[in-house]
Amino acid sequence: MAGGVPGEQPVLGDETAEIARVVAEAGPGVEKIPAAERVYAYVKAAILDRSYPGGELLTEGELATAVGVSRTPVREALLRLEESGLVKLYPKKGALVLPVLPQEINDVLEARELLETHAASKVWPRRKQLIEVLTAKVDEMRAHRKAGDAKSFLEADRAFHEAIVGAAGNEILAKLYNSLRDRQVRMGVPGIEVQPARMDKSIVAHAEMIEALGGNSVKRFRELVVSHIEVAAADLRGVR
């Protein structure tokens, strides 16, 4: 997949990212993946890394050629992408990649705060079990920071938060949260690969959240979650 912003990579759910990779590389087993799923993963990854930037009109024909499928699965995939808020379909014309607007940044971050603070309260009674999972994610972040691997660092960061939301036990909210993080990726990832101090601050913030989970104040844990999202908001607004 060519194009996109240099140094930035999509941070997708593992399954979607793997399908996108296999499709882009025409790797072994690609024919076993349902055609609509191939198109969906390929186009979604291209939108998130801005190979298909906001404002670009995608046609069924070009997508069918790019992925090597007929137009029918392309239509199915584009409908899913429209439901995700990534494109707007125009009959007989194609799909317009929706640009990121300042209001979308505000909306996504507000929704993240609502979901994550709700999850923080829900997981509190069983927080002890969560500490081990989150500690492993922070260990991964430290290893990626040491290796200078910003993409893997961001994936571990995302997995940390997804673990908290997932532990709340609401599958619908977990899926919604995943879609919010996808949309945040498209807004533009700050140049963390050239500013390793941001990684250090992020590791400290995540470690503080784990420490709070081991304490006795759910209020403290929620406050740290909100503070972390506010930092992400400041970074995103600085990029736009």
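**Helix packing in the predicted model**

Mentor: Of the 240 residues of the chain, 44% count as buried, and since this is a predicted model, the confidence values deserve a look before the packing itself. The chain averages a pLDDT of 84, with 83% of the residues scoring at least 70. Confidence is lowest in helix H1, residues 14–25, where the mean is 55, and highest in strand S1, residues 57–58, at 97. Over residues 1–13 the pLDDT stays under 50, although the model has 34 contacts beyond four places in sequence for that stretch. Where pLDDT is low, the predicted coordinates should not be read in detail.

The chain holds 10 helices and three strands, and from the N terminus on the order of these elements is α-α-β-α-α-β-β-α-α-α-α-α-α. Among contacts between residues at least 6 apart in sequence, 72% join residues at least 24 apart.

The part to examine is the largest nonpolar core, which has 37 residues, and in which Leu134, Phe160, Ile164, Leu213 and Phe221 have the most contacts. The elements that give two or more residues to this core are helix H5 (102–123), helix H6 (127–147), helix H7 (150–167), helix H8 (171–187), helix H9 (196–213) and helix H10 (218–239). Apart from it lies another core, of 22 residues, among them Tyr40, Leu48, Ala77 and Val185. In soluble globular proteins, nonpolar side chains tend to be buried together.

H6 and H7 pack at an angle of about 170 degrees, with their axes 8 Å apart, and because an angle over 145 degrees counts as roughly antiparallel, H6 is roughly antiparallel to H7. On the H6 side the contact is made by Leu130, Val133, Leu134, Lys137, Val138, Glu140, Met141, His144 and Arg145, and on the H7 side by Ser152, Phe153, Ala156, Asp157, Ala159, Phe160, Ala163, Ile164 and Ala167.

With H9, H6 packs at an angle of about 165 degrees, the axes being 10 Å apart, so that H6 is roughly antiparallel to H9. The crossing of H6 and H9 is left-handed. Here Arg127, Leu130, Ile131, Leu134, Thr135, Val138, Met141, Arg142 and Arg145 in H6 meet Pro196, Met199, Asp200, Ser202, Ile203, His206, Ala207, Ile210 and Leu213 in H9.

Not counting residues up to four places away in sequence, Asp157 touches Met141, Arg181, Ser202, His206 and His228. Arg181, for its part, is found in helix H8 and counts as buried at 9% relative accessibility. Beyond its neighbours within four places in sequence, Arg181 is in contact with Arg112, Asp157, Arg158 and His161. Arg181 and Arg158 are 23 residues apart in sequence and 7.7 Å apart in space, C-alpha to C-alpha.

The loop between H7 and H8 contains Gly169, which is exposed, with a relative accessible area of 63%. The C-alpha atoms of Gly169 and Ala119 are separated by 8.7 Å, while the two residues lie 50 residues apart along the chain.

The axes of helix H3 (residues 60–67) and helix H4 (residues 71–83) come within 9 Å and cross at roughly 110 degrees, which makes H3 roughly perpendicular to H4. In this pair, Glu60, Gly61, Leu63 and Ala64 in H3 meet Arg71, Val74, Arg75 and Leu78 in H4.

Lys92 lies in the loop between strand S2 (87–90) and strand S3 (94–97), and has a positive phi of about 70 degrees although it is not a glycine. Most residues other than glycine have a negative phi. Lys92 is also exposed, with a relative accessible area of 91%.

Technical notes:
Residues numbered from 1 in each chain as written. Predicted model: local features only at pLDDT ≥ 70, side-chain atom pairs only at ≥ 80, totals over all residues. Heavy atoms only, no water. Core = buried A, V, L, I, M, F, W, Y, C linked by side-chain atoms within 4.5 Å. Buried < 20%, exposed > 50% of the residue type's maximum accessible area, 1.4 Å probe, protein only. Helix = DSSP H or I, 4+ residues; strand = E, 2+ residues; numbered from the N terminus. pLDDT = per-residue confidence, 0-100. Contact = heavy atoms within 4.5 Å. Axes fitted to C-alpha atoms, helices over the stretch in contact; angles between N-to-C directions. Parallel < 35°, antiparallel > 145°, perpendicular 65-115°, else oblique. Left-handed = near helix turned anticlockwise from the far one by under 90°.
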